[in-house]
Amino acid sequence: MENPTNQVFVTLEDSKMKELANSVEFGFWEKVDDNHTTVRFCTSWSTTESEIDELIALL
């Protein structure tokens with residue numbers, strides 16, 4: 001989906017969030033419930049399509 005900013009907010013199961021923390025950096029946004037957390041991924045002008053594809057694969 002189109003996004004007008006360099007930020008993407010994703011709600012993850014906490015177990016998936018902990019797994020991702022070993023591979024990528026993201027920011028904590030808010031605790032949704034006992035088992036889910038919303039995190040923020042940011043890109044920069046130098047983020048490549050292949051880096052985005054790698055994140056998608058991890059998700």
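Visitor: Which element of the chain has the highest confidence?
Guide: This is a predicted model; local features need pLDDT of at least 70, side-chain atom pairs 80 or more, while totals for chains, interfaces and linings use all residues. Residues are numbered from 1 along each chain as its sequence is written, and side-chain values use heavy atoms, without hydrogens or water. Confidence is pLDDT, given per residue from 0 to 100. Helix H2 is lowest at a mean of 93, and the highest, at 97, is strand S2 (residues 27-33).

Visitor: What share of the residues reach 70 or more?
Guide: The mean pLDDT of the chain is 93. The share at 70 or more is 100%.

Visitor: Is threonine 37 buried or exposed?
Guide: Buried means under 20% relative accessible area, exposed over 50%, partly exposed in between (1.4 Å probe, protein chains only). Threonine 37 has 2%, so it is buried.

Visitor: Which side chain makes a polar contact with the side chain of threonine 37?
Guide: Threonine 37 touches residues (heavy atoms within 4.5 Å) including Val10, Phe28 and Lys31, not counting those up to four places away in sequence. A polar contact pairs N or O atoms within 3.5 Å, one able to donate a hydrogen and the other to accept it; sequence neighbours count only if both atoms are side-chain atoms. At 3.5 Å, the side chain that makes this contact is that of lysine 31.

Technical notes
pLDDT is the predictor's confidence in each residue, from 0 to 100. Helices (H or I, at least four residues) and strands (E, at least two) are DSSP runs, numbered from the N terminus.
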